[in-house]
Amino acid sequence: MGLQSGEKLAMFKWSYPRNRWSLVVLRLLAFLAAAAATLVMVLNKQTKTFVVATIGTTPLKLALNAKFHHTPAFVFFVIANGLVSIHNLVMIMADLLRSKFDYKGFRFPMVAILDMLNLALLSGGANAAVFMAELGKNGNSHARWDKICDKFEAYCDRGAGALVASFIALAFMLLISFISILKLVSPSSHISNNNN
Amino acid sequence: MAETKRIFTFLLRFIAFCTTLSASIVMASSRERTTVLALSFEAKYSDTPALMYFVIVNAIVSVYGFLILFLPSKSQLWRLVVALDAVFTMLLTSSISAAMAIAYVGKKGNPNAGWLPICDQVRKYCNQVQGALIVGFINVILYILFFLYSIHTTLNPLLLERS
């Protein structure tokens with residue numbers, strides 16, 4: 001009478017979206033966000049001419065440019081986002097060609113482990129770039145470092161856009177890792193999905 | 001065999017608690033006051049939000065590590081430890097990368113932005129920050145290992161245990 005213990009356990013089981021396409025759609029969104037962040041940061045460049053001195057009546061002009069590879073934090077950001085977008089692309093293709101793979105032995109948890117490693121990588125890259133961007137925007141009076149965003153506004157705006165895209169990719173990667181780990185916990189429903 | 005595994009895990013988590021605590025304390029106590037050209041110049045960890053974030057994250061992770069030491073090994077809460085280990089590993093990696101980015105600018109400067117390195121003036125502060133960052137790296141590696149180990153023991157993904 002009442003519920004048996006097996007049914008009680010089944011009630012409390014985590015249910016993840018069992019639709020076959022939900023994970024692929026999430027990976028597609030994460031891939032698009034990370035690729036957008038990479039592209040915007042790589043093509044981020046601004047050149048401006050400054051008047052540095054005046055000799056007599058002719059002003060001396062100096063052309064300074066701001067590129068992403070001047071800062072190692074942004075280089076790391078570009079590399080991390082590039083790797084995450086490649087990972088998502090490979091996983092989308094592995095999902096679409098699921099009938100050709102057999103998930104035996106080590107290949108089964110590799111998806112979840114790779115997802116988590118890429119999550120950690122992306123969080124490191126995005127955070128380093130955010131702190132460097134904050135330094136560029138506000139400067140640091142204690143270390144006598146001037147802010148550069150008032151001179152290079154377009155560079156700063158595009159960098160901010162790339163950072164926002166990277167954080168959106170981070171949120172999607174978090175969801176994807178969560179679903180991948182849940183797939184490890186209950187593998188039976190995964191095997192039943194294999195026949196689609 | 002299970003006894004040695006448990007003792008080894010406990011020892012490793014105790015070491016991780018000690019290293020996170022020491023990283024936080026070393027970074028927070030780094031302070032130097034120098035006089036450059038009759039101007040007094042004080043360098044503290046709280047000047048940069050990145051180093052403050054590093055201190056705060058390591059303090060949180062050390063409190064978590066301390067509480068984990070008291071978890072009995074057969075409880076069901078080890079499944080929660082998997083999720084918490086994931087979150088804290090991510091926090092640690094983000095804090096160490098942010099602190100490294102700012103410390104790199106402090107040590108080498110950035111000539112394209114006109115930022116001069118400050119390590120020549122405040123050498124003791126720089127060395128202490130460097131020490132804290134090295135310990136922070138050890139923390140990251142330890143917590144990645146803990147994360148993979150807790151997934152291995154609770155979720156059994158490689159299907160190595162006989163059910």
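Predicted model: local features only at pLDDT ≥ 70, side-chain atom pairs only at ≥ 80, totals over all residues.
Good morning. Across all chains, the count comes to five salt bridges.

Let me begin with a pair in chain A. The side chains of Asp115(A) and Arg27(A) form a salt bridge, with an N to O distance of 3.1 Å. Asp115(A) belongs to helix α4 of chain A and Arg27(A) to helix α2, residues 20–42, so the pair ties together parts that are 88 residues apart in sequence. Are these two partners buried or exposed? Asp115(A) is buried, at a relative accessible area of 0%, and Arg27(A) also counts as buried, at 2%.

In chain B, Glu3(B) and Arg6(B) meet in a salt bridge at 2.4 Å, N to O. Both residues lie in helix α1 of chain B, three residues apart, which is about one turn of the helix. Glu3(B) is partly exposed, with 44% relative accessibility, and Arg6(B) is likewise partly exposed, with 39%.

A further salt bridge joins the side chains of Glu42(B) and Arg31(B), at 3.6 Å, N to O. Glu42(B) sits in strand β2 and Arg31(B) in strand β1, residues 31–36, so this pair connects parts that are 11 residues apart in sequence. Glu42(B) is partly exposed, at 22% relative accessible area. Through shared partners, salt bridges link Arg31(B), Arg33(B) and Glu42(B) into one network.

I turn now to the interface. How many salt bridges are there between chain B and chain A? The count is zero. On the chain B side, β2 (39–44), α2 (49–68), α3 (78–108) and α4 (123–155) each supply at least two residues. Of these elements, α3(B) gives the most, with 10 residues. By class, that side has 21 nonpolar, seven polar and one charged residues. In total, 29 residues of chain B contact 31 residues of chain A. The buried area is about 2700 Å², and carbon and sulfur atoms give 76% of that area.

Finally, the nonpolar core. The largest has 42 residues, and those touching the most other members are Met132(A), Trp145(A), Met27(B), Phe54(B), Trp115(B) and Tyr143(B). Elements giving at least two residues each include α4 (107–138) of chain A and α1 (2–28) of chain B. Here too α3(B) gives the most, with 10 residues. Beyond its sequence neighbours up to four places away, Phe54(B) touches residues including Met27(B), Ile96(B) and Leu133(B).

Conventions: Residues numbered from 1 in each chain as written. Chains lettered and ligands numbered in written order. Heavy atoms only, no water. Contact = heavy atoms within 4.5 Å. Buried area = accessible area lost by both parts, 1.4 Å probe. Salt bridge = Lys/Arg side-chain N within 4 Å of Asp/Glu carboxyl O. Helix = DSSP H or I, 4+ residues; strand = E, 2+ residues; numbered from the N terminus. Nonpolar A, V, L, I, M, F, W, Y, C, P; charged D, E, K, R; others polar. Core = buried A, V, L, I, M, F, W, Y, C linked by side-chain atoms within 4.5 Å. Buried < 20%, exposed > 50% of the residue type's maximum accessible area, 1.4 Å probe, protein only.
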